[in-house]
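Here is a friendly walk through one protein model, written for someone who likes cut-offs stated plainly. Please keep the viewer open as you read.

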Amino acid sequence: MKMMSATNNDIFTPTSHHDVGNNTPSSPSPGKISITTTTIELLTVDITAITFGYLNWKDILQARVTCKKFKESSLLTLVPLSDTIRHGRILPEFCVHSTRACGASLDAMTRALPNLQQICFYNADNAEDVRNNDLCITSNEVDVIARFRKLQSLILSHIRLEDGNNIHHPTLFRCPHLRKLRLSNVEGLELDLQELSSSDGCLLPLLEDLYCDNLEHLRGDIKSLASFKDTLKNITMKACPKIHGDFMVLADFPNLETIFMRNLPLVGGDARHITDGNFPILRRLSLPTSVYGFGSLGCIADAPEVMNVLYHRLIKRNGTQVDFTRFRYLSRDSPDHYDIDIFSLLVPPFRIELVEAGRPRRRFGWRWNNGQNHGSCETIWFENREPENMDADEEEKYI
């Protein structure tokens with residue numbers, strides 16, 4: 001590594017050969033530039049650790065065996081967050097795929113790179129059937145994970161927890177710097193959302209992204225997420241049948257950008273209760289059909305109120321992408337319900353869809369449809385305004 005100091009910008013003439021490698025700069029002659037070589041020994045451990053922070057974990061492991069200083073620097077290095085593509089998925093660079101490598105590699109990493117910031121456990125070989133997965137985490141590995149005190153991202157996907165009932169799962173999530181927690185198809189996970197908070201306060205005070213998918217034994221009220229009220233940005237929960245509560249408890253989370261909930265039969269609430277001050281920066285909303293307004297409607301007369309609330313208090317204000325792909329239909333128990341048409345197998349008045357017309361001056365509305373082309377009812381526009389400064393042909397094309 002070389003450091004150059006210039007005494008004159010007009011002429012470039014290197015020093016003589018015997019000056020190179022001398023740590024004491026020689027007196028430059030007028031009109032010349034002196035080159036001083038700084039050896040690696042002059043770099044402090046802290047500076048080297050910062051430099052290592054631009055490398056991936058494999059390069060840092062290779063560098064640390066070079067000399068004692070590099071080894072000491074690796075212990076201080078914040079290993080950067082980096083992803084790669086494996087098995088067609090975007091996964092963190094450090095990813096454990098088998099039980100055989102799990103215990104040994106984790107224990108070694110706590111000694112070599114204790115400031116590792118992301119860990120992924122993912123078994124792609126048996127992703128279709130978790131019960132046959134050979135990637136198993138024991139209570140010992142759980143304790144090892146908790147020793148990575150700088151951990152920011154933890155992914156457990158398609159794995160088993162050995163003797164799940166005997167593992168103190170909150171220990172697994174005692175990571176004060178964790179920002180991303182992704183749990184998907186984890187067999188043996190017995191956890192209550194309330195356990196993510198302790199008597200001393202929240203176990204994950206910086207959590208921003210929570211993803212839970214196909215967790216049969218994950219339980220609790222979503223109001224327990226209030227521990228993460230000031231930090232949560234994204235919530236995804238799918239196929240967690242024991243999760244319950246009213247989605248409106250999330251309405252005053254100031255930084256919440258995404259709510260994606262599917263197949264949560266015990267999560268309820270009413271979309272009509274959303275007010276102007278709720279979900280201030282929400283960008284995406286998908287709720288289970290058990291929430292009124294996101295599934296069957298009790299009567300046709302409820303449709304205008306539901307759609308107006310979603311439009312004026314979310315879509316228009318925040319530009320929220322509200323999921324309109326799989327809900328809002330008339331309940332079979334509704335007095336307005338019609339019998340099925342045995343010829344078309346369609347049930348009028350069918351479904352509700354959002355209508356968008358015109359670009360760049362967009363206009364939004366909604367209508368009932370039968371799920372077929374040319375089978376929609378008249379569009380009801382949210383704002384009764386006509387296009388301005390358009391001739392008849394342009395107006396017709398706009399509509």
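## Basis of the model

This is a predicted model, in which local features need pLDDT of at least 70 and side-chain atom pairs count only at pLDDT 80 or more, while totals for chains, interfaces and linings use all residues. Residues are numbered from 1 along each chain as its sequence is written, and side-chain values use heavy atoms, with hydrogens and water left out.

Helices (H or I, at least four residues) and strands (E, at least two) are DSSP runs, numbered from the N terminus. Two strands are said to pair if DSSP finds at least two bridges between them.

## Parallel strands, one after another

Let's begin at strand β8 (residues 153-161), which is joined to strand β9 (residues 180-187) by seven bridges in the parallel sense. Within this pair, I159 sits opposite V186 of β9. From β9, five bridges lead on to β13, again parallel, and R182 faces Y211 in β13.

Strand β13 (residues 209-213) in turn runs parallel to strand β15 (residues 234-238), with five bridges between them; here L210 has I235 as its bridge partner. Next, β15 pairs in parallel with strand β17 (residues 258-262) over five bridges, and T236 is partnered by F260 of β17.

## A four-stranded open sheet

Look also for the open sheet of four strands, ordered β10-β14-β16-β18 with parallel pairing. Its edges are β10 (191-192) and β18 (266-268), each of which pairs on one side only. Strand β16 (residues 242-246) is held to β18 by three parallel bridges, and D246 lies opposite G268 in β18.

## Where two helices cross

Helix α1 (residues 45-52) and helix α3 (residues 68-76) have axes that come within 8 Å and cross at roughly 65°. Axes are lines fitted to C-alpha atoms, for helices over the stretch in contact, and angles run from 0 to 180 degrees between N-to-C directions. On the α1 side, V45, D46, T48, A49 and F52 make the contact (heavy atoms within 4.5 Å), and on the α3 side K69, F70, E72, S73, S74 and L76 do.

By class, five nonpolar, three polar and three charged residues take part in the contact of α1 with α3. In this scheme Ala, Val, Leu, Ile, Met, Phe, Trp, Tyr, Cys and Pro count as nonpolar, Asp, Glu, Lys and Arg as charged, and the others, Gly among them, as polar.

## The core and two buried residues

A nonpolar core is a set of buried Ala, Val, Leu, Ile, Met, Phe, Trp, Tyr and Cys residues joined through side-chain atoms within 4.5 Å. Buried means under 20% relative accessible area, exposed over 50%, and partly exposed in between (1.4 Å probe, protein chains only). The largest such core has 86 residues, and F121, L154, L225, M237 and F279 have the most contacts inside it. Helix α7 (residues 303-318) gives the most to this core, with eight residues.

Beyond four places in sequence, S74 touches F52, I60, R64, A112, L113 and P114. L297, in strand β20 (residues 296-297), is also buried, at 1% relative accessibility. L297 and Y329 lie 32 residues apart in sequence, yet 5.9 Å apart in space, C-alpha to C-alpha.
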